[in-house]
Amino acid sequence: ELLHVPLIIAGPGIPQGRRVSDPVGIQQIFATVMDLTGTSGAPPQQPSLRCYWASHADTCDPNPLVISEFDGPSANPDAEASISAVTPGWQYIRDSAGTQELYNLATDPHEDVNLSASPDYRPRVSNIQLSILGKLHASSLPWLGESYLTSLGQINFMLLTGRKVARLGSPTSKPRNPPDQDRGLLRSLP
């Protein structure tokens, strides 16, 4: 109920009744609004959702990956944070204690059967982990902190942030602040 939320877009030039099953990130909503309003300026880092109703739908990402992070109390008392990746048909979750979960959303929409420990699904887990690392490595810095990256493990945390950790799950220094121009942009938002 927190990650699988329907999104409805309506307006001029948007076909009625079109359904898309690909996961999309909330960051793409901003890019889509800018695209639909014809707003110029610095292009958003995420692509607009226009590709889903444009005449050339092949411009959409053929392997969408939506990453979400959680930093707070969880069901696992040893975990301080977790990261999740949703791809078409799959959800992968890993917490800072190293617990992994993999769910086939097509056959198990309620996420009852964790497939991560099955040898048959190890290649899928590895592929999703590599995709997460690649996407995070290419993204801008986290706005509110980096502790959710501890769920990727100590080595990957150090690789992505350039920080050492005293123990898994605890960054040794404060999170980096966004650059000045980004802080100004954030203050200008309602």
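These are my notebook entries on a predicted model of one protein chain.

**Ground rules**

I'm working on a predicted model, where local features need pLDDT of at least 70 and side-chain atom pairs count only at pLDDT 80 or more, while totals for chains, interfaces and linings use all residues. Residues are numbered from 1 along each chain as its sequence is written, and side-chain values use heavy atoms, with hydrogens and water left out.

**Overall layout**

I started with the secondary structure: the chain has four helices and six strands. For the record, helices (H or I, at least four residues) and strands (E, at least two) are DSSP runs numbered from the N terminus. Along the sequence the order is α-β-β-β-β-α-α-β-β-α.

Next I looked up burial, and 34% of the 190 residues are buried. Buried here means under 20% relative accessible area, exposed means over 50%, and partly exposed is in between (1.4 Å probe, protein chains only). The chain exposes about 12,600 Å², and carbon and sulfur atoms supply 56% of that. Those areas come from the Shrake-Rupley method with a 1.4 Å probe; for residues, only the protein chains shown count as cover.

Then I checked contacts (heavy atoms within 4.5 Å). Of those between residues at least 6 apart in sequence, 37% join residues at least 24 apart.

**Tyr-92**

I went to strand β3 (residues 90-95) to find Tyr-92. Tyr-92 counts as buried because its relative accessible area is 0%. Skipping neighbours within four places in sequence, I found Tyr-92 touching a list of residues that includes Ile-83, Ala-85, Leu-102, Val-125 and Ile-132.

**Charges**

I searched the whole structure for salt bridges and got one. The cut-off is a side-chain nitrogen of Lys or Arg within 4 Å of a carboxyl oxygen of Asp or Glu. The partners are Asp-35 and Arg-50, at 2.8 Å, N to O. Asp-35 sits in helix α1 and Arg-50 in the loop between α1 and β1 (66-71), 15 residues apart. Asp-35 counts as partly exposed because its relative accessibility is 28%, and Arg-50 is partly exposed at 34%.

Asp-108 is buried yet has no salt bridge, and the nearest side chain of opposite charge, Arg-124, is 13 Å away. In that count Lys and Arg are positive, Asp and Glu are negative, and His and the chain ends are not counted. Beyond four places in sequence, Asp-108 contacts Tyr-103 and Val-113.

I followed up on Arg-124, which lies in helix α2. Arg-124 is partly exposed, with a relative accessible area of 35%. With neighbours within four places left aside, Arg-124 is in contact with Trp-90 and Leu-102.
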